[in-house]
Amino acid sequence: MTRGFLPGLIIALGVLALGLVVAFTVGRYPVTLAELADVLLSRVTGRPSTAPAAVENVVLLVRGPRVLAAVMVGAALAVAGTAFQGLFRNPLVSPDILGASSGAALGAVLGIYFSLGVIGIESLAFVGGLVAVAAVYVIGSLLQARDPILVLVLTGVVVGALLGAGIGLVKYLADPYNQLPAMTFWLLGSLAATTASDLLPLAGPVALGTVVLVALRWRLNVMSLPEDEARTLGVATGPLRITIVLAATLVTSASVATSGIIGWVGLVAPHLARALVGPDFPRLVPTAALLGGGYLLFIDTLARTAAPIEIPLGILTAVIGTPFFIWLLAGMQRTWS
Amino acid sequence: MTLAGRDLTIGYSDHVVGRDLNVALATGEVLALLGPNGGGKTTLLKTLLGILTPQAGEVMIGGRSLARISIGERARLIAYVPQAHVPTFSFTVETVVLMGRTAHGNLFSRPSAHDRMVAARVLEQFGIAQLAPRPYTMISGGERQLVLLARALAQEPQFVVLDEPTASLDFGNQGKVMREIRALAGAGHGVLFTTHDPNHALRAADRAYLLRAGERIAEGAVGAVLTRERLEDLYRAPVEMLTDGVTGHTAFLPG
């Protein structure tokens with residue numbers, strides 16, 4: 001089960017590179033590889049592009065922001081999922097285990113209900129995710145259990161259920177002709193509305209959280225051991241746990257605020273990465289990030305090209321993720337390699 | 001150096017397990033902690049490790065209060081060998097042992113070349129160097145216990161504390177772990193271990209500490225403390241004592 005780090009990393013990079021090429025070239029307005037290279041090179045070197053203006057528009061304005069957003073959201077969810085799986089010592093954990101997605105969803109549907117506009121909705125979603133996880137963490141800590149991890153997860157489930165009820169209530173009260181479809185669309189996840197102005201508010205928190213998690217990658221190994229062992233190995237588990245939860249929640253909330261709820265990526269990407277490079281977190285975190293970015297790129301390309309209308313990302317990730325995960329389970333029964 | 005618990009009241013937030021316990025362990029000696037289930041062995045062990053905070057009294061190490069020593073420095077003084085278990089993720093044996101080096105680096109560091117050297121050395125010492133690239137989940141229970149011992153030594157501690165190191169091991173591996181415990185003391189470490197088998201205490205320990213219902217029943221050199229009468233009293237069960245005619249070694253049989 002010791003797989004090489006370099007081969008695994010190269011495969012992950014290859015997946016991302018292929019995903020980028022496919023995402024830029026495939027679509028209702030096909031772009032050839034030569035045109036793509038020409039447009040991108042002209043941006044780098046500053047010389048005018050020889051490609052038609054329409055191609056330049058498609059690459060830089062239409063697909064560009066969406067592609068970048070897909071890579072960032074996919075990578076962010078994968079890194080957060082990797083960190084949470086280690087922290088909760090459970091390979092079935094996804095980034096929304098502590099209520100980040102439910103909190104963000106409640107924030108978003110409230111934003112839509114009060115007709116706040118895109119920035120207002122995304123801000124509320126972001127804050128909702130952070131507040132939900134903070135509430136779970138504070139309640140979990142106040143309960144002072146001997147197994148803080150288990151209590152944290154259970155508190156997450158309970159608070160998540162409450163948030164779900166809140167979402168249901170807002171949907172019930174919403175205007176069924178204007179607001180309800182918008183809510184449904186948001187809850188299913190989509191990058192269709194991504195513009196260049198979305199990128200900075202997404203990139204900032206994602207970069208910050210990812211840098212923290214990458215910096216702590218060796219400690220993540222130790223945090224995946226039972227609490228007593230981690231502490232006798234010299235790790236201050238309490239402060240470190242808060243830091244990891246905060247960093248993972250930051251990237252998850254920023255992603256969900258931009259794209260709506262996209263399940264499965266944060267669960268599947270870490271598994272794929274483990275299959276490639278093994279469970280050692282210093283290898284796992286960068287590999288999972290690359291795979292998550294590449295994976296969501298493929299899914300998003302499928303979402304906008306497979307049918308005459310946009311297919312919501314949440315539906316595609318589930319349709320692809322479920323059989324994939326069952327296949328994974330069949331192959332990995334002996335060990336969560 | 002001495003690791004000592006002074007007038008300890010041990011337990012959890014909702015109940016007290018034991019009161020007025022005094023225990024001391026010097027470097028170079030082996031202390032065995034014996035007693036019936038639920039008697040407070042594990043609670044005392046975790047208190048001495050600093051995992052549980054004593055409700056009264058103090059744990060001292062080298063004349064300093066353990067409570068005032070950072071968690072990183074503690075890990076460089078006392079190593080813990082838990083009961084071997086199968087972890088969630090299949091880290092390689094080398095990675096598991098390298099985790100013992102965590103307290104020698106800073107918050108953001110990864111194992112250095114020196115750390116890898118130490119890990120290789122302790123694996124060699126236990127004769128399991130060939131396991132290094134194997135997944136920890138795929139080796140035998142006896143090998144796992146040795147890997148955890150190697151991880152503890154990689155911490156380069158003064159004291160090694162083991163929770164039932166022979167539980168769930170086959171007969172041969174029990175003997176191997178006993179020998180390694182003696183070797184640790186020979187190399188200057190102070191060793192504390194809990195066990196359900198008085199014979200293991202006789203075999204590997206210098207002194208024994210008998211604990212029942214949170215109370216110290218007896219403490220002293222194993223030969224003096226571990227007698228038939230005292231074991232019958234400790235476990236409230238009949239015990240038979242055998243003596244080898246050649247070596248003069250004694251052993252106990254339950255029932």
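Colleague: Over how many bridges do strand E4 (residues 56-61) of chain B and E5(B) pair in the antiparallel sense?
Modeller: This is a predicted model: local features need pLDDT of at least 70, side-chain atom pairs count only at pLDDT 80 or more, and totals for chains, interfaces and linings use all residues. Residues are numbered from 1 along each chain as its sequence is written, while chains are lettered from A and ligands numbered from 1 in the order in which they are written. Helices (H or I, at least four residues) and strands (E, at least two) are DSSP runs, numbered from the N terminus. Two strands pair if DSSP finds at least two bridges between them, and E4(B) with E5(B) has 2 bridges.

Colleague: Which residue stands opposite Ser65(B)?
Modeller: Ser65(B) belongs to E5(B). Across from Ser65(B) stands Met60(B).

Colleague: Which are the edge strands of the open sheet in chain B?
Modeller: The sheet has 4 strands in the order E2-E1-E4-E5, with antiparallel pairing. An edge strand pairs on one side only. That picks out strand E2 (15-26) and strand E5 (64-65) of chain B.

Colleague: Now chain A. How many residues of H4(A) are buried?
Modeller: Buried means 20 or more other C-beta atoms within 10 Å of a residue's own, exposed means 12 or fewer, and partly exposed lies in between; C-beta atoms are placed from the backbone. H4(A) has 14 residues. H4(A) is largely enclosed by the rest of the structure, because its buried residues number 12 of the 14.

Colleague: What is the phi of Ser115(A), after H4(A)?
Modeller: Ser115(A) follows H4(A). Its phi is positive, near 50°.

Note on methods
The expected span of a helix is 1.5 Å times one less than its number of residues.
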